[in-house]
Amino acid sequence: MKLLTVNLGRPTPSEHTDAEGGTGIDKRPVDGPVAVTAPGPHGTAGSGLAGDAVVDLRHHGGDDQAVYAYAREDLDEWQRELGRELPNGYFGENLTTSGVEVTGARIGERWRVGPRLLLEVTSPRTPCRTFHGWMGEHGWIKRFTQAAVPGAYLRVIEPGEIRAGDAVDVVYRPDHEVTIGLTFQALTSRRELMPRLLEAGEALHEEARRKALKYAAQQGR
């Protein structure tokens with residue numbers, strides 16, 4: 001299991017967002033080491049990767065979305081379905097991985113990336129209109145949701161530098177069954193799964209926790 005590339009984005013104008021400054025979704029592989037730290041609270045802080053742009057702080061960035069990872073294997077599946085090349089970073093991911101089970105990663109699972117960086121899985125990515133516009137594919141949000149391979153957001157537990165080729169090791173795996181895939185379905189197409197998200201405990205992204213608690217209360221659970 002390893003990093004194929006570390007990808008950083010610069011602010012790019014876009015007609016598909018109302019955020020001043022456009023979007024940072026256009027991420028490209030970089031050479032050399034990249035420092036990764038906890039960026040700070042949601043709403044005021046951006047990416048955990050030095051030099052990476054997060055423009056719309058209302059919906060992106062902050063400690064629980066410090067790093068976004070997507071599997072090259074899943075990008076390859078999308079390439080075949082869409083009939084077009086999808087280079088590393090094209091989905092806006094910071095880390096393009098090889099051999100890492102991203103959709104099956106459990107909330108709270110911890111990854112050692114390179115010699116020092118320690119990350120913790122928090123939540124799936126949910127598609128937005130900026131992503132839809134960037135992809136330029138008809139019905140993209142519906143297609144992405146139905147595929148249910150969303151990639152994973154991670155928080156920084158221990159900072160460190162990373163670079164392409166670094167090993168990715170799963171050093172902790174919690175004993176619940178709340179995976180990225182299950183969480184994504186609960187938040188999008190299968191709301192009856194929402195109460196199960198609470199099994200992930202404090203590791204769950206705070207927004208997802210609030211939604212799960214609200215749903216459970218409405219259902220009298």
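Me: Is Phe-91 buried or exposed?
Reply: Phe-91 counts as buried, because its relative accessibility is 0%. Buried means under 20% relative accessible area, exposed means over 50%, and partly exposed is in between (1.4 Å probe, protein chains only).

Me: Where do these values come from?
Reply: This is a predicted model, where local features need pLDDT of at least 70, side-chain atom pairs count only at pLDDT 80 or more, and totals for chains, interfaces and linings use all residues. Residues are numbered from 1 along each chain as its sequence is written, and side-chain values use heavy atoms, leaving out hydrogens and water.

Me: What kind of pair do Trp-78 and Phe-91 form?
Reply: A tilted one, with 6.5 Å centre to centre and 55 degrees between the planes. Both Trp-78 and Phe-91 are buried.

Me: And why is the pair of Phe-91 and Trp-140 edge-to-face?
Reply: Because their planes are at 75 degrees, with the ring centres 5.9 Å apart. Trp-140 is buried too, at 0% relative accessibility.

Me: Which residues form the aromatic cluster?
Reply: Among them are Trp-78, Phe-91, Trp-140 and Phe-131.

Me: New topic: what lies over the face of Phe-131?
Reply: Arg-125, at 3.7 Å from the ring centre. A charge sits over a ring if NZ of Lys or CZ of Arg is within 6 Å of the ring centre and within 35 degrees of the ring normal.

Conventions:
Rings of Phe, Tyr and Trp (its six-membered ring) pair if their centres lie within 6.5 Å; planes under 30 degrees apart count as stacked, over 60 as edge-to-face and the rest as tilted.
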